[in-house]
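Hi,

Here is the structure I promised to pass on.

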Amino acid sequence: MSHKYSIIWLQGLTCNGNSHSFLNYTHMPSFAASFDMLYHPLWCGAEDFMSLLNSDVTFDFLILEGALSHDERLIQRFNLPFYEILDTLAARAKYIICAGSCASFGGVFRLRDPEKITGALFSGKEKGGYWLEKNNIINISGCPVHPRWLVETLVALHHGEKVLLDEFLRPKEVFSYLAHHGCLRNEYFEWKVDSKQLGEREGCLFYEHGCLGPMSHANCNKILWNDISSKTRAGSPCLGCTEFDFPRRALYETQKNMSLPQTPFGISKRAYYSLAGVAKSFKIERLEKKLIDEND
Ligand code: SF4
């Protein structure tokens with residue numbers, strides 16, 4: 001297929017984080033040659049927008065960044081209620097891509113008013129966001145969205161490939177994995193060796209620092225960010241930003257019940273706590289030491 005993909009990018013309630021993430025895509029210079037950005041609020045003006053809105057142009061992807069609200073006092077663009085703009089353009093798009101957790105589930109903005117502020121199709125876990133029914137929506141959650149998740153989904157759809165989706169309409173290719181997969185701290189997790197403080201190379205961040213890697217669907221420890229690093233590689237916990245309940249409160253604390261942490265997905269409490277108890281009873285000297293001892 002030779003023609004370029006056409007994209008209109010709209011922003012609801014947002015911090016711009018997904019736009020910045022997209023623009024930081026490592027291979028953007030070559031990828032940019034394959035799409036036409038008909039409109040993006042960060043680099044197009046009102047005139048461009050109004051002429052598009054008033055035309056009958058059809059296009060491939062409506063990318064939505066940010067949460068939505070039916071309350072027009074919360075979002076207006078060019079003196080028009082945002083939902084009017086959204087409905088007009090959505091009817092002309094082949095696919096609607098929700099980039100980031102706010103567009104997918106309501107995200108941080110939903111905390112302010114869970115009754116009114118939602119994602120495009122979901123409000124948190126429940127279906128019933130801005131649109132009750134629409135069958136051409138794909139959610140790519142994350143705070144922000146990883147640029148590769150977005151780009152690879154666009155490329156696959158453009159080439160007519162089938163993109164399999166999970167129960168939250170997220171591409172399975174990305175969201176079948178957990179952030180825990182590929183984390184360099186897995187051995188510490190297995191032997192229950194805690195990280196003593198944020199930023200250090202050693203230890204697992206699950207027990208004291210609130211890491212949600214074993215409960216968060218994303219492949220970011222597999223493909224990394226900017227091909228270089230990830231939160232847990234840098235010594236900061238996974239905050240579960242791809243999940244419908246992001247952001248949880250007390251992000252850097254491990255939620256515990258009777259001093260026991262949550263169990264990872266798909267493992268019974270009894271099995272997990274028994275195994276954890278056995279593992280913790282061993283002291284693996286190698287894992288208790290600094291990886292790089294500056295005094296050696
Ligand atoms: S730091 Fe988080 S992602 Fe890494 S092994 Fe521990 S729990 Fe898993």
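Below is what I found, starting with the whole protein and moving on to a few residues.

A word on the ground rules: this is a predicted model, so local features need pLDDT of at least 70 and side-chain atom pairs count only at pLDDT 80 or more, while totals for chains, interfaces and linings use all residues. Residues are numbered from 1 along each chain as its sequence is written, and side-chain values use heavy atoms, with hydrogens and water left out.

**The whole protein**

The secondary structure comes to twelve helices and 13 strands (DSSP runs numbered from the N terminus: helices are H or I with at least four residues, strands are E with at least two). Along its principal axes, the C-alpha trace spans about 70 × 40 × 35 Å.

Of the 296 residues, 49% count as buried (buried is under 20% relative accessible area, exposed is over 50%, and partly exposed is in between, with a 1.4 Å probe and protein chains only). Taking contacts with a separation of 6 or more, 70% are between residues 24 or more positions apart; contact here means heavy atoms within 4.5 Å. The accessible surface is about 15200 Å², and 53% of that belongs to carbon and sulfur atoms (Shrake-Rupley method, 1.4 Å probe; for residues, only the protein chains shown count as cover).

**Asparagine 221**

Asparagine 221 lies in helix H10 and is buried, at 5% relative accessible area. What does its side chain pair up with? One partner is the side chain of serine 230, through a polar contact of 2.6 Å. Another is the backbone oxygen of alanine 179, 2.8 Å from a polar atom of the asparagine 221 side chain. (A polar contact is a pair of N or O atoms within 3.5 Å; within protein, one must be able to donate a hydrogen and the other to accept it, and residues adjacent in sequence count only if both atoms are side-chain atoms.) Not counting residues up to four places away in sequence, asparagine 221 touches several others, including His181, Cys183 and Arg233.

Glutamate 243 is in the loop between helix H10 (220–223) and strand E12 (256–257). Is glutamate 243 buried or exposed? It is buried, with a relative accessible area of 7%. A polar atom of its side chain lies 2.8 Å from the backbone nitrogen of histidine 217. Leaving aside neighbours within four places in sequence, glutamate 243 is in contact with Phe105, Arg170, Met215, Ser216 and His217.

Leucine 239 is in the loop between H10 and E12 and is buried too, at 13%. Beyond four places in sequence, its contacts include Leu212, Phe246 and Tyr252.

Serine 229 is also in the loop between H10 and E12, but it counts as partly exposed because its relative accessibility is 26%. Leaving aside neighbours within four places in sequence, serine 229 is in contact with Leu224 and Ala234. Its C-alpha atom is 27 Å from that of leucine 164, which is 65 residues apart from it along the chain.

Over to you!
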